[in-house]
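I set down each term with its cut-offs where I first use it.

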Amino acid sequence: MNILSLLVIIPLATLLLLLLGKGQKYVRGVVVGGFGLLLLSAVILAVLFLHERAVSDAAMLFVADTLWYAPLNIHYAVGVDGISVVMILLSAVVGFTGVFSAWNMNRDFFAWYCLLAIGVFGYFISLDLFTMFMFYEVALIPMFLLIGVWGTGKKEYAAMKLTLMLMAGSALLLTGILGIYFISGGTTMNIMELSQLHIPMTHQYWIFCLVFIGFGVLGALFPFHTWSPDGHASAPTSVSMLHAGVLMKLGGYGCFRVAIFLMPEAAHELSWIFLILTGIGVVYGAYGAVLQTDLKYINAYSSVSHCGLVLFAILMLNHTAMTGAVLQMLSHGLMTALFFSLIGVIYSRTHTRDIREMGGLMRIMPFASVCYVIAGFASLGLPGLSGFVAEMTVFVGSFEHADMFHRVLTVLATTSIVITAVYILRTVGKVLYGPVVNSDHLKLDDAHWYEKISAVALIACIVIIGVWPSGVQGIIYDSLAPVMKQLTLF
Amino acid sequence: MGFTVFIILIPLVMFLLLSFGSKWLRPRAAGVIGTLGMTIPALLSYYTAYRYFLADAYVWPVWGPINTFSMEWLRFSDNLSIEMGVMLDSISIMMLVVVTTVSLMVHIYSLGYMKGERGFQRYYALLSLFSFSMLGLVVATNIFQMYIFWELVGASSYLLIGFYYTRPEAVAASKKAFIVTRFADLGFLIGILILSYYTGTFDFNKIMDVEADLAVTTMAGSSFLGLSAATWAMALIFMGAAGKSAMFPLHIWLPDAMEGPTPVSALIHAATMVVAGVYLIARMFPVYLFAAPDVLTLITYVGLFTALFAALIAITQTDIKRVLAFSTISQIAYMMVALGVSGYGGDFGEGYTYSMFHLFTHAFFKALLFLGAGAVIHTIHSNEMEVMGGLRKYMPITHITFLIACLSISGIPPFSGFFSKDGILSAALRYEPFVFGVLLFTAGLTAFYMFRLYFRIFWGVDRQYEKPPHEAPKSMTIPLIVLAVLTCVTGFIPFSFYVSPDIRPYEVYIHWPVALSSIVVGGIGIFIAMWFYRKASDRPAHLAAKLSGFWKAAYHRFYIDDVWMFITKKIIFRGISGPVAWFDRHVVDGTMNVLGTGTLKTSEAIKGSQTGRVQTYAVVFVLSVMVITVLVLVL
Amino acid sequence: MVTMEHYLIVSSIMFFVGVYGFITRKNLLAVLISIELILNSVEINFCVFNRFLYPEHMEGMFFSLFGIAISAAETAVAIAIIINVYRIANNIDVRHIDKMKY
Amino acid sequence: MDFSNFLMMHQELGLLSIFVILLFFDILASGTRYMRWFRAVAVGLMSLQTIFGFFPMPEGAAFGGMYVTSDLTVLMKNVLNIGTLIVFMQAGRWLRQPENSIREGEFYVIATATLLGMYLMVSSGNFMLLYIGIEIASLPAACLAAFNKYKEKSAEAGAKYILMTALSSGVMMFGLSYLYGAMGTMYFADMSLGVALEPMTILGFVFFFSGLAFKISLVPFHMWAPDVYEGGPTATTAYLSVVSKAAAVFALLLTLHHVFGGMAHVWYYMLWVLTVATIVIGNLFAVRQKDIKRFFAYSSISQAGYIMLGVLHGTEMGLSATIYYIFVYLFSNLAAFGVIASLENRSGQTDIAAYNGLYKTNPKLALVMMLAVFSLAGIPPLGGFFSKFFIFASSAAEGDYVLVFIATINTVISLYYYLRIVKAMFINSPGEDSVGPFKTDGFNRASLVICVAGILFTGILSGCYSYISAVGFGLIQ
Amino acid sequence: MGELANAIIFYCLAAAIVGMSILAVTSRRMLRAATYLLIVLICTAGLYLLLNYHFLAVVQLSVYAGGILILFIFAILLTSSHGDRAYSHDKGRVIAGIITALAGIAITTWITMKHHFLYGENPALMGDRQIDMKEIGQVLIGTGKYEYLLSFEALSILLLTCAIGAILIARKR
């Protein structure tokens, strides 16, 4: 059996086990076990991957291929390259930590959570457009209930908006995927095989737009990002974590695995439009975050900005920038998960997320506060934490672009780092520092052990990437070689 | 000299040890461990300096750079990568010595000063973090490494300024410091991007390889908005430097940064971090000189203006740390001017040399001033001059060391400041008399405000204190004494033998006309200050009343902070961010919502067509059939 | 001379008069009567086509024959339902059977 | 006269015997205690019939081409069988209610007869038989719609249905007469040879088409559907919205491509526009429905639009996708109606408000309902996702991306209203109208299990589509 | 002479059909409407006779006039309380009806006139052929092409089911 399929089977098995029992202890045991196993297998996968990579120069490793729907030649085809491995690791880590952040949730919550995980992992391992799309949607739908049932605030509105917007994106995507399939000859859905085929230029234009926007909606592409603030604000902690940390990465990943990889010419021709959009998104998200008063809104806008950077870098279509994009996905995934996890810690105690109603939490819950500061630093790109590595790779790579337009745009995008500093420090200053605003808060306790596990694990990853980036960067860089080859083919 | 890497690593280890061990370490133990931890790098730095300049002087007569350690940290592309390494050359070794020395002094000093403070362990951990970052910055082998540590010093500065995080002023100050420097760093980053784009490298040695065809010159050709790429790059890098070194108009964060603990101000905001900008320009000096001379001119005049401007403000401030902060700005601006007026080769490199020299000497006497002021604050519990006076009786050691520092900064021989300042003035004279004139005037102002400070603290009104002030404990006075000694002796170091832009030693002499004029001007300044402030009198008030407009403006720091406040609060917050947030909620999100509600509205609007009457259905049915038929027939 | 078109015109008039009745009558039974007209007219069509154009087989005629039977069945069912409506609502006004709408 | 022709009609004969058995059972057992076995017998016989359908059947034509059978028609009938079987299973509880128990037998008898009509629709090779089939399928169905004799809504539904169906059959017959006039034959095979683009043919075609479109409930011939679906007994609604619709689609599919294939360019655009209109109008009306049956009526209208996507192009892929779509739609919709029926039997409520907090009170029913609506909305890994994908693919294969685009965008609207149901069940808390916990009867539960299995596995297991695809190949001639 | 007579009879029947149809759908009294319908149906039977479909004419008379009309009259009498005033006063609906009807007539007439029918070789001869009952019987229960046993059987099911259904609905319980 293929190790990749394990990544889908483990959450599935967890889901089924969950349905068997009911007690809180049982549920926790199963979920921690399941996601622990998942994390373990992701790590093993990474190790095996490095091992295999050394001896093989195939684009995809651990390839398995089973014919599924013969009439359309749809396969269950899996395989990974470095980028998928990195994304799988990210998902496993965030998924695992999310479990701890959702410690007190009931069985149903975790059942949906597992379903979400199935979708995410299936998506990252898929090589077949159809299965990829299928897992993509599998990952989207649980969101509705996770937010709608366990969320807070305007949860129903937020859940509905989020689901509908993401599904609208996937509707565009579906059209695009069908276009790719049939216009390339209607013989294969396998991404690697499709990349060998040529899609006529006239069709590439519209397919590219559809696919890019389709994935872009999930990747918080500028005018289609509005689900994000409401969605994140209403979602329960671990759902925000998984959604911002992993799910939004599905968009970026899809953009380059499908849109760029299969339609390089259109990517070249049209990138400027989307570059402008993403460039706006990067700066705009940052500005949008500055005056927000809800911690989660701040983070949601920050995600818009950071995820905008992912798409921005992808569209630069050069090796370094794309590496940066993947790093940024990774980094943003980890730090935003950390953020949400900590916001969850704070919210669960203060019962407010309004920064005006909080202050001086550093003294009350030092652990959570220090972690929050670290997350903030990661977000504003402090060296030694993952954010810096990612952002710098993006900026350096983007600036390597020979075209003046791209460089000017890069310069504009870099300005976001200042604004990021503004809103992060504003939040930190208001919430953690200063005098205690609400004397009721003095009685509050610090993070529990399970919340600490979640935070520490995420910080560890952030620091590891920040301090020793070359390992993960190398994997990504090498794996992008086929994409670059594809881009320079014509 | 592979051991040099430990100079950097040991503070890092200390940082980790102290931050993770804070729960298990008692405050005192943490302080001692931190101090000991700092001693080793200091000793190693001295040893390095000894090896480089004296023992292994095999490089004579050229002080070439030696990379003693290098490791690839992050590879961007096939030719661009960030290395982490240790590069030794004369200025980096000089900086190592400065940083470790001052840092060590501050560590020792803080044992007394910070005693009993909440978060003592954290304080030492952060000091170690800062030392690590600063040391990493100075030994950077490439511009990106420098940027990395540049950011880290900024962050540690942020954390230290905000050490008293429950005080809103401290929080605001730390935020301001970080954001302003961050804004400047943006320029630095873009400069790096431009530079690396054209040169294909980050490595200092490669960028500045003057003998080979200077990589940078290739970028002089391409231009953007009328300026060459090199000009852009270097100007933007200067922006970064200006931010860190508090050049006008990015100086606003530094006075506020005085909210941090005083030893921190001494270390970060006087001796080391704030001169990083100068260090950066010095580091890239050949590039400025050969590829972007226009930027050097810019640096000169920005520096000149800042020097004068800060000095003027310093005259009016009453918070002693603020005075020192503006003095720092002014002195750093001196260094900047010196770099700006410098040439290349032999005597022409005088500006560069003396800029570095001033950096070196200033570090010690300004640290001394701050620590002295700290000693005063420690016992008075206030920063305001108004509540001080006549302290010379209570704290003799502090008084003497403070006086030495004041004399040094005023350019009175034989203290170190005299030598470095003299070199700068002569370089300025060589460059342009106007620059010289302004600097000279500033020197006078410097002497005036420093002695104003001195007299008002230690002389002036004899106040009745509730609790009689006392001399600081040993842990605080020892650093004062050490620094005072350093201030006395460092002036005699023949700097031009070791530091020059073309890395070749040369000899300089004291230019007596210049020196005399500076001494005279300094003397006048001191005299006026004495006349005003030696005894309590209403002379200053009279003068202030006469110059009320100017006085008020200077007291309010020429309203630059208000301008910035206007820019951030009104333009960025209200003008951009607010509208963006509104736009996002109402236009972008509104559009999405309209799509949704539009569907529902449409649905509501057309519901009447389903009348529930079978005859309507029939009409629709039959008419549709006929319409379709006709359409199919026609089309 | 009577040609086929004449028959067809008559039947189509009958058909659309039936449609008109269906649309305008307010008594369910009257609507049903209109339907009878419609069906009847179609049957004429079949016969006419069969007779004038394709007399070799009897397709049209049989269609008419079966059509008559079907319309009988349909009338039976419809009347049953209408009577049921009458029993429940106590009237068979078309305008009253619009409880379900929108 | 060669009565051996009848021997070709395996399934029809089987169904006819069921009809007769049930009829006599009803007549003889009426009012006795044996009546309680009736449902079991009906379901059992129907299951036998269903299973029987999967045995090999002869292919070919009988009655001089009036009756045609092939693997494809057998497949279609099997689909109809499964649907009818599930409806039979779900109807039981409702029929046992005191006011209906006297008519219990008739429901099965009439439903069986209508199914026979649908068989004839699918298998006909002659418009006369097709027409008779349609009438058999629809006239008695009006009785089923009016089955709840003492409910005003039901009576109204029956009246509307019979009147509209009569009108549509008149219009259709009018069209047929013109077709006959233009081409001189009613046999599919002969007519397909003589299809010429004359106004008369077109008029005949459009009039004929409207009759089938009426049964499929395509816009603008859909207006009866919501009223009838809302008013009719839930079992009837389920039957009409699934089985009857499916049969009409099959008939349309066969006639369009067998007979009118020659004038495809004429009806292509017409059907294109109607498809779009059906999807859009169905969705627009569905979004604000409060009654769940009416809601599902509109939802099924828009589903019909999606089905037409496959019919439109008449490629091999389109046809197999259509059948597959209907197959999955059958399970999904019937699962939903199964739940609706359970709730209605329990509380008499069909308001969506009654579903508030259903997950808390009846988690299993809520889950089934959720699977059903998610499948209808096309959420993976449920069957609906696959069927939507294939039907879109069939349209995209012909380069009709605009249509695919419109359809996919409309799935988002449909998702909105399906999510409303899910929201009511899972997110809202139980209100006054909500139904308390209860147990459904065995047959219904079994039917729901079948439906859920269908929803879950028809997609994941590719065999289903592959089988249909292999059979569907026979359609292209 | 036959032709002329045929024409005269045809025109009379046609006029009666059109007139009575209109009356049937406009008459305010239900019983009258039913009577007009009866006349229409009888005239239609006349048309069948004119076309030499004697059997059909007989069926038309017996089934329609004899069966359906009786049903109608029973139903009308059963529901008579509101039987009068069958005509709608809804102006909009009337206009819609008139438009629909006129448009429909126009379209169908236009198409009929435009169409080039493929007449048989000798229309008059073929058209006059009498169909004897035996032939009809043979065709009705034949299994070949142009023979209608299957339709006949299907129809019988339809009638049976409709009967069941109608009884089901109409009976008291």
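I looked up how α6(A) passes α7(A) and found a right-handed crossing; a crossing is right-handed if the near helix is turned clockwise from the far one by less than a right angle, and left-handed if anticlockwise. Helices here are DSSP runs (H or I, at least four residues), numbered from the N terminus. The model is predicted: local features need pLDDT of at least 70 and side-chain atom pairs pLDDT 80 or more, while totals for chains, interfaces and linings use all residues. Residues are numbered from 1 along each chain as its sequence is written, and chains are lettered from A in the order in which they are written.

I noted that α6 (142-150) and α7 (155-183) of chain A pack at about 170°, with their axes 8 Å apart. Axes are lines fitted to C-alpha atoms over the stretch in contact, and angles run from 0 to 180 degrees between N-to-C directions. The two helices are therefore roughly antiparallel, the term for angles over 145 degrees.

I then listed the contact (C-beta atoms, placed from the backbone, within 7 Å). From α6(A) it includes A:Phe144 and A:Ile147, and from α7(A) A:Ala158 and A:Leu162. Its residues divide into six nonpolar, two polar and two charged. Asp, Glu, Lys and Arg count as charged, Ala, Val, Leu, Ile, Met, Phe, Trp, Tyr, Cys and Pro as nonpolar, and the others as polar.

I turned to chains D and C, where the contact takes 32 residues from each chain. On the side of chain D, α6(D) gives the most, with 17 residues.

Definitions and conventions
Contact = placed C-beta atoms within 7 Å. Parallel < 35°, antiparallel > 145°, perpendicular 65-115°, else oblique.
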